[in-house]
Amino acid sequence: MTNSIWEPRSSAPWLSSSRLPPLTGAPIAFSFAENLAVRGVKMDAAAFLRERRVVLERRLRGRDLRRVTVHELFHFVWWRLGNPARASWEALLAAERSRGEAGWSAEWRKSALTEADRRNRTRRWREYVCEAFCDAAAAIYASPAQNTLAPRFLAKREKWFAATLGGRALSI
Ligand SMILES: [Zn+2]
């Protein structure tokens, strides 16, 4: 791991119009694949954290490509985020009585959650918390095209990002 700023637009020029915070760490490689699937399930993208690479579905274009790329980049941010910030994000979601989500990945997981998942902080709940983080980042920094949250909830999440992650480079 390095402490230098990494400019994702150098390897992902399609991010040029996204307003990403500065990122610090070793570079992440992007590649494209057709009919991307992980264990038989169709996917828009897959992040390989230890290998520091992201595979994107070749059919993605424009704002969808930007949104999916930022979502995957924030999987690396979540990985390095540290427990206090993760716990703070989880508490925000636990207190948020909202319908919808900032993106489909979080939304289908949220709709499958039970009260017991929330109470016991099961694996399904924790996966939802992570996907909601990445989808919120994608909606805030790239495109809100998949957002179905009421504007006040997305605004509150954006405030959380600014207060918790703002003013410093994010480790990836
Ligand atoms: Zn994800």
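Where in the chain is the place of asparagine 35? Asparagine 35 lies in the loop between S3 and strand S4 (37-38).

The structure is a predicted model, in which local features need pLDDT of at least 70, side-chain atom pairs count only at pLDDT 80 or more, and totals for chains, interfaces and linings use all residues. Residues are numbered from 1 along each chain as its sequence is written.

The chain contains 6 helices and 8 strands; helices (H or I, at least four residues) and strands (E, at least two) are DSSP runs, numbered from the N terminus. In order from the N terminus, the elements are β-β-β-β-β-β-β-α-α-α-α-α-α-β. The chain has a radius of gyration of 15 Å, close to the 16 Å that the globule rule gives for 172 residues, so it is as compact as a globular protein of that length. Here the radius of gyration is taken over C-alpha atoms, and the globule rule is 2.2 Å times the number of residues to the power 0.38. Along the principal axes, the C-alpha atoms fill a box of roughly 40 × 40 × 30 Å. Of the 172 residues, 35% count as buried. A residue is buried if 20 or more other C-beta atoms lie within 10 Å of its own, exposed if 12 or fewer, and partly exposed in between, with C-beta atoms placed from the backbone. Among contacts with a separation of 6 or more, 66% are between residues 24 or more positions apart; two residues are in contact if their C-beta atoms, placed from the backbone, lie within 7 Å.

The sheets come next. Strands of a sheet pair through backbone hydrogen bonds, either parallel or antiparallel. Two strands are taken to pair if DSSP finds at least two bridges between them.

Strand S3 (residues 29-33) pairs with S7 in the parallel sense over 5 bridges, and alanine 29 stands opposite arginine 53. Strand S6 (residues 45-48) runs antiparallel to S7 and is joined to it by 4 bridges; here phenylalanine 48 stands opposite arginine 53. S6 and S7 form a hairpin with 4 residues between them, and arginine 52 in the turn has a positive phi of about 55°.

Strand S2 (residues 23-24) pairs with S8 in the parallel sense over 2 bridges, and leucine 23 has leucine 170 as its bridge partner in S8.

Among the helices, helix H5 (residues 123-141) and helix H6 (residues 151-165) pack at an angle of about 95°, with their axes 10 Å apart. That makes H5 roughly perpendicular to H6, given that angles under 35 degrees count as roughly parallel, over 145 as roughly antiparallel, 65 to 115 as roughly perpendicular and the rest as oblique. Ala136, Ala137, Ala139 and Ile140 of H5 meet Leu154, Arg157, Glu158 and Phe161 of H6 in the contact. Helix H3 (residues 104-111) has Ser105, Ala106, Glu107, Arg109 and Lys110 as its buried residues, and H5 is included in what covers them.

Most residues other than glycine have a negative phi, and most peptide bonds are trans. Asparagine 35, although not a glycine, has a positive phi of about 50°, and with 9 C-beta neighbours inside 10 Å it counts as exposed. Arginine 39 lies in the loop between S4 and strand S5 (41-42). Its phi is near 50°, a positive value in a residue other than glycine, and with 5 C-beta neighbours inside 10 Å arginine 39 counts as exposed.

Notes
Axes fitted to C-alpha atoms, helices over the stretch in contact; angles between N-to-C directions.
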